[in-house]
Amino acid sequence: MSAGEGRLAPWSLFAGLIAAAGLPIYIHAPKVYVDDYGISLGTLGAVLAGLRLIDVVQDPALGWLAEVTRQKRAAMVAGAVALMALAMIGLFAVEPPILPLLWFALTLVVLFSAFSFLSIAFYAEGVGKAGRLGRGGHLRLAGWREAGALCGVSVAAVAPVLLGSFAAFAWGFAGLAVLAWFAMRREWAGLAEAPVPDLRAVLADRMTRRLLLLALVNAAPVAVTSTLFLFFVESRLAAPGSEGPLLLLFFLAAALSAPAWSQLARGFGARRTLLAGMVLAVVSFIFAFTLGPGDVAAFAVICAASGAALGADMVLLPAIFARHLSRSAGGDAAAFGFWSFASKLALALAAAAVLPALGAAGFAPGAASPASALLFLSVLYALVPCGLKLLAIVLLLVTPIPET
């Protein structure tokens, strides 16, 4: 293995950039536009669901695009990074020049489209990179990549609070975009001839279909909890102002656990280690249902344990999928287009279901809500994700995943 093949720090940094534009935006953006512009939860939920349903066509199409432009991938990535940074500035640092709801939708379309393309191209590039790392390369790369991603999520989750404004966060993100692109610029491998992606071949593979279904179901619990996190802390725990430290604890626990999950998988197998992480998620998080006003310390323990469980998901599932793709046909980018779609479809379904349901139950963000609405918030935040995670465990148990 050459020094170039072992150069993984840029992959960690670039993963952090991409991750900072993903889950934290689902946490921050709805609350900002509810608080600053008075948009209702139901309306935002419908808009977020509509934006994510665009990915029904977009993500597989972006996977195809990333495949056919493989010869120019470095340039395509540079353009997508620039668009993502500009959209972030527009979302948080620019006063909406049109109706706030329409501006919210337009900036998120650009942000999430760039995010999708970068995620697909980045993970597809990792299939070849991992192959050059030798035995255990997929798990090794995943450990570095997902640790970086989780650090990116951690920073993005609390940066607006630490910086004092969402505008400062947006400009800081733009600076990180420049730095991450520069570090990663030599890692994009060019091809003499553009490949011809075959979307049908991707979906014709039975194991690929099963892994995509597992990814969809397993992403659903985090989609629900990330959508409701700020409301749960503020209204159920009656602890406004604690959101930042708790988010930081959750994602730092995930980031710190990532190398350990990678090492465990190399010793005990990826499937068995992933199952252990899923069980940890259910055992730790089910106790969130019992919490009430003032139970911040208990919730902090839950955040740490469930964050560590998230680390297993983020490291092992993409590594398992990439390892399978290295032996199958259809194109790595095309396959990761469907993978990206599956992950984000879970977020769309969560936004479409939980926010309108919570509003219909009488929940009012930042104001007094009926006891029945607060109880329903606990059900949605704790019990529903546990049920979904149990379903993911069943799917994993019936999926024959080879360990070599």
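Mentor: Start with Arg 73. Its relative accessible area is 3%, so Arg 73 is buried. Buried means under 20% relative accessible area, exposed means over 50%, and partly exposed is in between, with a 1.4 Å probe and protein chains only.

A word on the source first. This is a predicted model, in which local features need pLDDT of at least 70 and side-chain atom pairs count only at pLDDT 80 or more, while totals for chains, interfaces and linings use all residues. Residues are numbered from 1 along each chain as its sequence is written, and side-chain values use heavy atoms, with hydrogens and water left out.

Now the place. Arg 73 is in helix α5, residues 73-92. Helices are DSSP runs of H or I with at least four residues, strands are runs of E with at least two, and both are numbered from the N terminus.

Next, the partners. A salt bridge is a side-chain nitrogen of Lys or Arg within 4 Å of a carboxyl oxygen of Asp or Glu. Arg 73 makes one with Glu 125, at 2.8 Å from N to O. Arg 73 belongs to α5 and Glu 125 to helix α6 (residues 100-132), so the pair ties together parts 52 residues apart in sequence. Both Arg 73 and Glu 125 are buried. Side chains of opposite charge can pair when their charged atoms come close.

Arg 73 also reaches a backbone atom. A polar atom of its side chain lies 3.0 Å from the backbone oxygen of Ala 66.

What else does Arg 73 touch? Leaving out residues up to four places away in sequence, the list is Ala 66, Glu 67, Ala 121, Ala 124, Glu 125, Trp 188 and Ala 333. Contact here means heavy atoms within 4.5 Å.

The whole structure has six. One of them joins Arg 7 and Glu 187, with the closest N and O atoms 2.9 Å apart. This pair links distant parts of the chain, 180 residues apart: Arg 7 sits in the segment before α1 (9-20), and Glu 187 in the loop between α8 (166-184) and α9 (199-204). Arg 7 is partly exposed at 36%. Glu 187 is buried at 9%. Another salt bridge pairs Glu 146 with Arg 145, at 2.8 Å from N to O. Shared partners also join Arg 7, Lys 129 and Glu 187 into one network of salt bridges. As for burial, Glu 146 has a relative accessible area of 1%, and Arg 145 has 3%.

Turn to the nonpolar side. A nonpolar core is a set of buried Ala, Val, Leu, Ile, Met, Phe, Trp, Tyr and Cys residues joined through side-chain atoms within 4.5 Å. The largest one has 145 residues, and Phe 14, Ile 25, Leu 111, Phe 299 and Phe 336 have the most contacts inside it. The helix that holds Glu 125, α6, gives the largest share of this core, 17 residues. In soluble globular proteins, nonpolar side chains tend to be buried together.

Beyond its neighbours within four places in sequence, Ile 25 is in contact with several residues, among them Met 88, Leu 108, Leu 111 and Phe 169. Helix α2 covers residues 23-37. Of its 15 residues, 12 are buried, so α2 is largely enclosed by the rest of the structure. The buried ones include Leu 23, Ile 25, His 28 and Lys 31. The expected span of a helix is 1.5 Å times one less than its number of residues. Gly 38 follows α2, with a positive phi near 70 degrees.

Last, the cysteines. A disulfide is a pair of cysteine sulfur atoms within 2.5 Å, and the count is zero. Cys 303 is in no disulfide either, with the nearest cysteine sulfur, that of Cys 386, 13 Å away. Cys 151 is partly exposed at 40%, whereas Cys 303 is buried at 3%.

Terms used. Polar contact = N/O pair within 3.5 Å; in protein donor to acceptor, adjacent residues only side chain to side chain.
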